Amino acid sequence: LSADLDGKVRLLGYNMTGAFRPGSEVHLTLFWQALKAMDKDYTVFIHLADPQGHIWGQKDNPPVDGFYPTTAWEAGEIVRDQYNLGMSPDTPPGQYQIEVGMYLAETGERLQVLAENGSVRGDKILLTRVEVE
């Protein structure tokens, strides 16, 4: 996995543990790389979404529980960022996807996901598809 967000930060990969059951939590570790120094603090979002885009689990917060804002990241640095993503107790069984990205909390504006040729692919990264039991 390698996803470039506006030429500022790259998601290098992730680890995930836990069971996908209604009301449970999944532990997710994201590995970011700063592509350059950033002058704004971005918030990370993680969504568990069904095929219609309805969100059944969500976690939004600054990286590293707010202890290491993106303005402190140095170009080339790799940052390990951990989250517990809770699922709604009424999440129906079925296929879901885990989406991640970053945005400015003040405006809600998301960093764009760039293709290798620099074109915009969207405003969220599809990490993986999962099955909720």
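The model is predicted, so local features need pLDDT of at least 70 and side-chain atom pairs count only at pLDDT 80 or more, while totals for chains, interfaces and linings use all residues. Residues are numbered from 1 along each chain as its sequence is written, and side-chain values use heavy atoms, with hydrogens and water left out.

- Strand β7, residues 94-103, runs antiparallel to β10 and is joined to β10 by seven bridges, and Gln95 stands opposite Glu131 in β10.

**Aromatic rings**

- Two aromatic pairs are found in a search of the whole structure, where rings of Phe, Tyr and Trp (its six-membered ring) pair if their centres lie within 6.5 Å, and planes under 30 degrees apart count as stacked, over 60 as edge-to-face and the rest as tilted.
- The rings of Phe45 and Tyr103 form a tilted pair, because their centres are 6.2 Å apart and their planes stand at 40 degrees; this pair links distant parts of the chain, with Phe45 in strand β4 and Tyr103 in strand β7, 58 residues apart.
- Both Phe45 and Tyr103 are buried, where buried means under 20% relative accessible area, exposed over 50% and partly exposed in between, with a 1.4 Å probe and protein chains only.
- The rings of Tyr68 and Trp73 are also tilted, because their centres lie 6.4 Å apart with the planes at 35 degrees; Tyr68 is partly exposed at a relative accessible area of 25%, whereas Trp73 is buried at 1%.

**Two individual residues**

- Gln97 lies in strand β7 and counts as buried because its relative accessible area is 18%.
- Leaving aside neighbours within four places in sequence, Gln97 is in contact (heavy atoms within 4.5 Å) with His47, Leu48, Ala49, Leu126, Thr128 and Arg129.
- Lys36, in the loop between β3 (25-34) and β4 (43-49), is partly exposed, with a relative accessible area of 41%.
- Not counting residues up to four places away in sequence, Lys36 touches Gly7, Lys8 and Ala75, and the C-alpha atoms of Lys36 and Ala3, 33 residues apart along the chain, are separated by 15 Å.

Definitions and conventions
Two strands pair if DSSP finds at least two bridges between them. Helices (H or I, at least four residues) and strands (E, at least two) are DSSP runs, numbered from the N terminus.
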